[in-house]
Amino acid sequence: MLHMSGDIVDKEIISRCLQALQSTSPSYLLLASLDAARAQLNESPDVIFNQAIELANKAKSLLKQIPGISVLEHSHFPNFPAKDPLRLTVGFWNLGLSGYKADKILLRDFGIVRELVGNKSVTYVLNHGTCREHVQRLILGIKHLAATCYSIQKTNETDHAPLDDIIMKLIPRDAFFASKRKVTIKESIGKICGELICPYPPGIPVLIPGEVISSSAVNYLLHVRSKGADILGASDPLLSSIVVCNGENY
């Protein structure tokens with residue numbers, strides 16, 4: 001735990017230093033549960049997840065039958081050696097819903113807790129503590145959501161492919177220590193980012209210090225923020241401004 005008082009040290013600089021070093025999930029409870037799971041798995045590694053995998057396969061089969069719902073398949077990524085059978089990634093974009101909105105409704109109305117939520121989908125995880133009642137509640141909730149929203153609207157959200165126009169002008173260390181200024185988000189396009197900007201969930205940075213800010217990155221950040229994502233790392237989480245590096249060449 002770091003205690004700070006007074007104005008001898010710039011708190012914003014300390015915050016940026018910690019952000020570059022610390023985990024996004026620093027939890028001793030999580031670490032302890034992982035160790036307990038490792039010990040339990042060691043007792044019967046060949047059969048401990050058999051029932052959970054069976055339930056996951058059944059849930060996937062039922063989800064694929066719901067109009068407006070898509071399910072991530074291993075076949076979507078043929079170059080990947082395998083897909084975790086205990087994770088179900090469910091897409092809601094054909095219902096006109098973002099993953100954030102669908103997750104909020106399912107949690108509020110059905111008590112369904114997700115593992116990870118994204119712009120277009122929600123990921124649920126099953127384990128050896130999952131029972132048939134849990135799967136039935138998941139299917140019931142998503143069926144209700146689909147019946148409610150599918151009859152009202154069906155829209156296709158703009159696809160956001162992985163950003164492939166990334167250009168680094170400075171190494172992150174040089175960008176971190178460079179002098180900086182704030183500009184509006186529209187003025188930031190083409191300039192060098194001076195902060196790490198990370199939508200959560202899923203917690204993957206879209207911009208890092210030293211990267212040239214592209215229009216596609218800005219559009220994506222504004223889009224996910226409008227759908228309910230929290231913006232971490234940015235000095236302005238509302239994204240009306242972005243910190244950029246000073247300098248004649250950038």
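1. In this predicted model, Lys-60 lies in helix 3, and with a relative accessibility of 17% this lysine counts as buried, because the cut-off for that class is under 20%. Setting aside residues up to four places away in sequence, Lys-60 touches Val-71, Glu-73, Lys-83 and Leu-88.

2. An open sheet is formed by four strands, which follow the order 1-2-4-3 with antiparallel pairing. Strand 1 (70–71) and strand 3 (116–117) stand at the edges with a single partner strand each, so one side of each is left without a neighbour in the sheet. Between strand 1 and strand 2 (residues 87–91) the antiparallel pairing runs over two bridges, and Val-71, one of the contacts of Lys-60, stands opposite Val-90 in strand 2.

3. Helix 3 (residues 50–63) packs on this sheet, where it touches strand 1 and strand 2, and its direction makes about 10 degrees with that of strand 2. Helix 4 (residues 99–110) also packs on the sheet, touching strand 3 and strand 4 (121–125), with a direction at about 50 degrees to that of strand 4.

4. The largest nonpolar core has 47 residues, of which Phe-92, Tyr-124, Ile-142 and Ile-197 touch the most other members. Among the elements that give two or more residues to this core are helix 3, strand 2, helix 4 and strand 4, while helix 5 gives the most, with seven residues.

5. Ile-197, leaving aside neighbours within four places in sequence, is in contact with several residues, including Pro-205, Val-206, Leu-221, Ile-231 and Ile-242. A second, separate core of five residues includes Leu-170, Ala-175, Ile-192 and Cys-245.

Conventions. Residues are numbered from 1 along each chain as its sequence is written. This is a predicted model: local features need pLDDT of at least 70, side-chain atom pairs count only at pLDDT 80 or more; totals for chains, interfaces and linings use all residues. Side-chain values use heavy atoms; hydrogens and water are left out. Two strands pair if DSSP finds at least two bridges between them. Contact means heavy atoms within 4.5 Å. Axes are lines fitted to C-alpha atoms, for helices over the stretch in contact, and angles run from 0 to 180 degrees between N-to-C directions. Buried means under 20% relative accessible area, exposed over 50%, partly exposed in between (1.4 Å probe, protein chains only). A nonpolar core is a set of buried Ala, Val, Leu, Ile, Met, Phe, Trp, Tyr and Cys residues joined through side-chain atoms within 4.5 Å.
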